[in-house]
Every structure is written in C-alpha cells, then in structure tokens.
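Good morning, everyone, and thank you for making time for this short talk. Please have a look at the structure on the screen, and I will then walk you through a few of its details.

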Amino acid sequence: MQSFKALFALFVLSAVWAQTATAQPRSGAQDVEREPNRVQQWLVPSPDSDTAAHAVLFRPVGDGPFRLAVIAHASTENVLRRAQMPQPEYRALAAWLVARGFAVLVPERSGHGATGGRYLEDQGGCDEADYSRSGRATAGEIAATLNYLRGQSFVRKDDAVIVGHSAGAWGALALAGENPKTISAIIAFAPGRGGHANDFPNRVCAPHTLIASAAEFGRSARVPVTWLVAANDTYFSPALSRQLADAFRSGGDKVNFRVLAASGGEGHWLAESDAGVKIAGPDLDRALKLPRPTAARKR
C-alpha cells in the first residue's frame with residue numbers, strides 16, 4: 001500500500017510538472033502581424049525565469065535587418081495600479097521610430113498587467129528608497145528583452161536605441177554604461193522614481209537620494225543620453241530634472257538636457273501622445289542623427 005501511495009503521489013507530481021511546463025508559453029510571436037506598422041504580440045524573456053513578458057512589436061516594411069528601439073514604460077509603486085495596468089504600446093512614439101527604419105519593441109515588465117509575476121524593481125519605502133537598486137533591476141529587464149531581440153534575424157545586433165519613460169527611463173540611465181556599439185543612444189523622457197509622493201504633484205520621495213543615484217549612474221556612462229522633460233511635468237519638474245541631469249553629467253558629461261513645451265494637462269505623459277511626440281520630434285531627430293523619413297512603400 002505504501003508503495004502504491006508513493007507511485008500515485010509521483011504520478012500526480014508528474015502531471016503537475018507537465019501541466020506547468022505546457023502552461024509556460026515559448027518566447028516569440030504569438031499572433032499574426034496587423035496594421036498599422038505590422039503590429040504583433042510577442043512574448044519575451046524576463047530576468048524572472050518563471051515569467052514571460054508580454055510585448056508589442058512594430059516593424060517597417062521589409063525583412064531588415066532593422067535597428068532596434070526598445071521602449072521602457074512608466075511604472076507605479078501601487079500594487080493594484082500595477083496589476084490593472086493596460087499593456088503599454090506607445091503607438092505614436094513607435095510609429096515615429098518605424099517611419100525612421102526602426103523595429104520597435106515595447107515589453108511589459110514583470111509585476112505589471114498581463115505579464116504578472118514578481119515585481120523586481122521595488123524601491124522600498126519613501127524615506128529609505130533605494131533608487132539605485134530599483135534602477136538596476138529595471139535595466140536588467142530592459143537588457144533581457146534587448147538581448148533576445150538582437151538574436152532575431154530581422155534585427156541588427158548593433159546600434160540599438162533605448163527609449164525610456166519615467167521609471168523606464170530611470171532604468172535606461174542605469175544602462176548608460178553599456179557598450180556604445182550595442183546601445184548607441186538613450187532617450188530618457190522624464191526619468192525618475194518616487195514622483196507624486198502620496199499622490200501629491202511636485203512631491204518626490206527622498207529627492208536627495210534620487211540625485212545621488214543619478215550621479216552614480218552617470219559615473220559609468222558611455223552611451224550618450226538625451227534627457228527630455230515637459231515644462232508642465234509635475235512628477236519630475238524641470239527644476240528637479242535639471243538637478244538630476246547635472247548630477248548624472250558630473251560623472252562624464254554624457255547627457256543633453258532639454259525642457260520641452262507644455263503638453264496636455266500633465267506633461268509627464270508627453271511620450272504617450274501624438275501631440276507630445278510631435279513636440280519631441282526635433283530633439284529625437286537630433287539625438288538619433290537621422291534623415292527625414294521617406295514615404296512608406298505599399299506592401
């Protein structure tokens with residue numbers, strides 16, 4: 001009887017393991033391409049081996065290989081808001097990049113929305129916030145998706161661009177020490193963490209700690225950074241953003257800081273809107289040193 005129970009338990013465990021294995025989908029394309037911009041749902045690896053990250057891929061016409069742009073989304077420390085977060089797409093920004101020859105990936109990081117899993121980039125409480133650790137964790141998630149896409153036949157292995165927004169841009173700053181041949185430029189829209197502390201505009205948790213972490217990231221910077229903030233950003237105001245950029249610059253002068261025109265009711269979301277991308281367009285062109293886009297060919 002004991003041996004039967006042991007065999008039965010082994011059978012049940014084997015069934016559970018098999019179910020778990022089949023429940024973990026493979027990375028890669030998950031559906032067909034659609035218009036506009038050949039939009040397609042993908043799954044990509046994350047640093048959490050138990051979690052595959054949902055992502056949206058946009059591509060120009062043709063087989064490539066294309067330069068890759070990874071867009072790193074904003075975040076929140078609120079657990080419920082993270083769980084309810086819709087899949088980030090940044091369609092206006094992605095369309096701008098596709099028109100200039102980029103394949104664009106927008107991955108959803110662990111602990112957010114449909115991707116779920118463990119939240120890896122927790123900064124801790126307001127008074128004891130560890131912005132360096134959270135930034136490096138975000139950077140690790142960006143790097144995991146970047147390295148996976150660089151292995152695809154339609155993507156160039158060099159000259160990638162990281163475009164970050166808010167917490168995603170903060171993680172992008174932590175990647176500024178990478179090889180410039182792999183990542184040639186970082187575009188950071190209002191980078192930072194701890195903004196709207198306790199849901200109050202123009203309040204940031206432990207701003208001096210945030211500034212110190214910006215200086216830490218800047219000391220190892222090798223990739224040029226274009227730092228953009230809207231005049232009406234109440235998460236990381238132009239004044240605070242300038243302090244952060246100056247701290248980052250003190251490590252090696254790898255940043256071009258620009259205050260953009262006010263955008264909508266809250267400038268922090270400039271990167272997510274058509275109007276905001278239009279405002280940022282000239283600075284993006286300068287940062288990427290790109291020619292004007294040509295009219296798209298019909299497929």
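Predicted model: local features only at pLDDT ≥ 70, side-chain atom pairs only at ≥ 80, totals over all residues.

Residues are numbered from 1 along each chain as its sequence is written, and side-chain values use heavy atoms, with hydrogens and water left out.

How many salt bridges does a search of the whole structure find? The search gives 17, where a salt bridge is a side-chain nitrogen of Lys or Arg within 4 Å of a carboxyl oxygen of Asp or Glu.

Helices (H or I, at least four residues) and strands (E, at least two) are DSSP runs, numbered from the N terminus. Asp285 is partly exposed, with a relative accessible area of 22%; for this term, buried means under 20% relative accessible area, exposed over 50%, and partly exposed in between, with a 1.4 Å probe and protein chains only.

A second pair is Arg136 with Glu216, and here the closest N and O atoms are 2.8 Å apart. Arg136 lies in helix 4 and Glu216 in helix 6 (residues 207-219), so the pair ties together parts that are 80 residues apart in sequence. Both partners are partly exposed, Arg136 at 45% relative accessibility and Glu216 at 31%.

Arg109 and Glu121 also form a salt bridge, with their closest N and O atoms 2.8 Å apart, and in this pair both residues are buried.

Let us return to helix 8, where a kink of about 50 degrees lies at Gly281, shortly before the proline Pro282; the bend at a residue is the angle between axes fitted to the seven residues ending there and the seven starting there. The buried residues of helix 8 include Gly281, Leu284 and Leu288, and the helix is followed by Lys289, whose phi is positive, near 50 degrees.

Finally, Phe200 is found in the loop between strand 7 (183-189) and helix 6, and at 41% relative accessibility Phe200 counts as partly exposed.
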